Amino acid sequence: MPDASHRQRSPAEMDLVRALAVAISQRLCQIFSREEGMGTDDDWCIYHLHTSDFETACGALWSLGVCAAAVFRQPEDKYLSQEDFERAGHKGFPAGFFIYTKEEVERLLKDQSGTSWPSTEEIIDAYLRIAEDYGRDKSALLPIPRGKPFLPTHPDQIAPLEALVTNGFAHKTGDQYIWANRMTPIMVKNWLWDETDVDWSSLDRTRILEQVQAVLTSLKPEGTAEVRRDLKMMSITFRGLEIMQRWTGSDWLPAGQDARFLSFDEAVAVSREIDPAL
């Protein structure tokens with residue numbers, strides 16, 4: 001994903017990041033509440049090493065400056081902002097975090113320009129990691145069907161979903177929502193969708209075969225041996241994601257780029273076709 005640091009965001013995108021930051025904070029508090037049997041006090045202090053999903057979620061809040069590092073030491077525990085954490089001589093990524101309230105997150109983000117924030121896709125990824133799993137309250141789990149309308153199952157899901165609609169990551173029909181194709185790479189990255197959900201009959205078969213030939217031809221020169229090796233090692237789904245991001249229709253972008261010449265479904269179709277020839 002391209003680095004979005006120091007990039008000017010639209011007002012709608014700013015609102016999306018704010019809504020997601022609030023949603024991440026609220027979701028973490030739900031998951032770690034006393035009622036769920038995981039909380040230890042009312043301070044929402046989270047030791048993220050329970051799982052990488054919590055680490056990603058806390059990292060998103062930390063990068064936005066809307067949570068504090070929890071420093072556990074005698075005679076007292078301390079909750080430090082990123083600036084105070086570094087000033088105190090601590091290095092690296094904190095092991096524990098103090099999660100702020102909705103009101104505090106909104107206040108801290110209100111006047112930020114957003115130019116140094118991570119990419120919006122990274123924040124969406126962090127939200128999805130904890131929104132579709134964890135906790136005993138199943139109504140709090142975000143529905144993730146591909147290509148099918150769904151109803152929110154919890155009031156806290158409304159604000160982020162509305163912001164995602166405004167920014168083209170979802171569509172709305174009546175009171176129901178449908179995930180947009182733009183969500184595909186993020187869903188695939190988190191193992192939420194795969195190529196079995198592709199509507200193969202809707203694809204232009206001629207276009208797919210043309211791209212299969214073009215891709216295989218591009219992989220013959222010695223200069224693309226590394227690309228070929230990378231693709232060969234991937235599953236069909238993740239190879240499709242790689243093709244979508246790197247294949248321009250004539251050559252390959254460096255890893256982590258975003259060509260989007262093909263849709264994800266088209267890229268997966270190409271991935272399946274080239275599999276025997278790799």
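The following legends describe close-up views of a predicted model of a single protein chain.

**Figure 1. Overview of the chain and its secondary structure.** The predicted chain comprises 278 residues, of which 44% count as buried. Its secondary structure consists of 11 helices and six strands. Among contacts in the chain with a separation of 6 or more, 66% are made by residues 24 or more positions apart.

**Figure 2. The largest nonpolar core and the contacts of Ile124.** The largest nonpolar core contains 77 residues. Ile24, Leu28, Ile124, Trp179, Met183 and Ile243 are the members with the most contacts inside this core. Helix H1 gives the most to the core, with 12 residues. Beyond residues up to four places away in sequence, Ile124 touches Leu16, Leu20, Leu164, Phe169, Met183 and Ile186.

**Figure 3. Helix H1 along its length.** Helix H1 spans residues 11-31 and has 21 residues. The distance from the first C-alpha of H1 to its last is 30 Å, close to the 30 Å expected at 1.5 Å a residue. The helix is mostly covered, with 15 of its 21 residues buried.

**Figure 4. Strand E2 and its two pairing partners.** Strand E2 comprises residues 67-71 and is mostly covered, as five of its five residues are buried. Strand E4 (residues 96-99) runs antiparallel to E2 and is joined to it by three bridges. Within this pairing, Phe98 in E4 is the bridge partner of Ala68. Strand E3 (residues 78-80) also pairs with E2 in the antiparallel sense, over three bridges. Here Leu80 in E3 stands opposite Ala69.

**Figure 5. Cysteine residues in the model.** The count of disulfides comes to zero. For Cys67, the closest cysteine sulfur is that of Cys58, at 6.3 Å, which is too far for a bond. Cys67 has a relative accessible area of 3% and is therefore buried, the cut-off for this class being under 20%. Cys29 is likewise classed as buried, because its relative accessible area is 14%.

Figure 6. Lys189 is found in helix H7, which covers residues 184-189. With a relative accessible area of 45%, this lysine is partly exposed. Apart from residues up to four places away in sequence, Lys189 touches Asp125 and Phe238. Lys189 and Phe238 are separated by 49 residues in sequence, while their C-alpha atoms are 7.8 Å apart in space.

Figure 7. Ser218 lies in helix H8, which covers residues 205-218. The relative accessibility of Ser218 is 14%, so this serine counts as buried. Leaving aside neighbours within four places in sequence, Ser218 is in contact with Thr224, Trp247 and Trp252.

Key: Residues are numbered from 1 along each chain as its sequence is written. This is a predicted model: local features need pLDDT of at least 70, side-chain atom pairs count only at pLDDT 80 or more; totals for chains, interfaces and linings use all residues. Side-chain values use heavy atoms; hydrogens and water are left out. Buried means under 20% relative accessible area, exposed over 50%, partly exposed in between (1.4 Å probe, protein chains only). Helices (H or I, at least four residues) and strands (E, at least two) are DSSP runs, numbered from the N terminus. Two strands pair if DSSP finds at least two bridges between them. The expected span of a helix is 1.5 Å times one less than its number of residues. Contact means heavy atoms within 4.5 Å. A nonpolar core is a set of buried Ala, Val, Leu, Ile, Met, Phe, Trp, Tyr and Cys residues joined through side-chain atoms within 4.5 Å. A disulfide is a pair of cysteine sulfur atoms within 2.5 Å.
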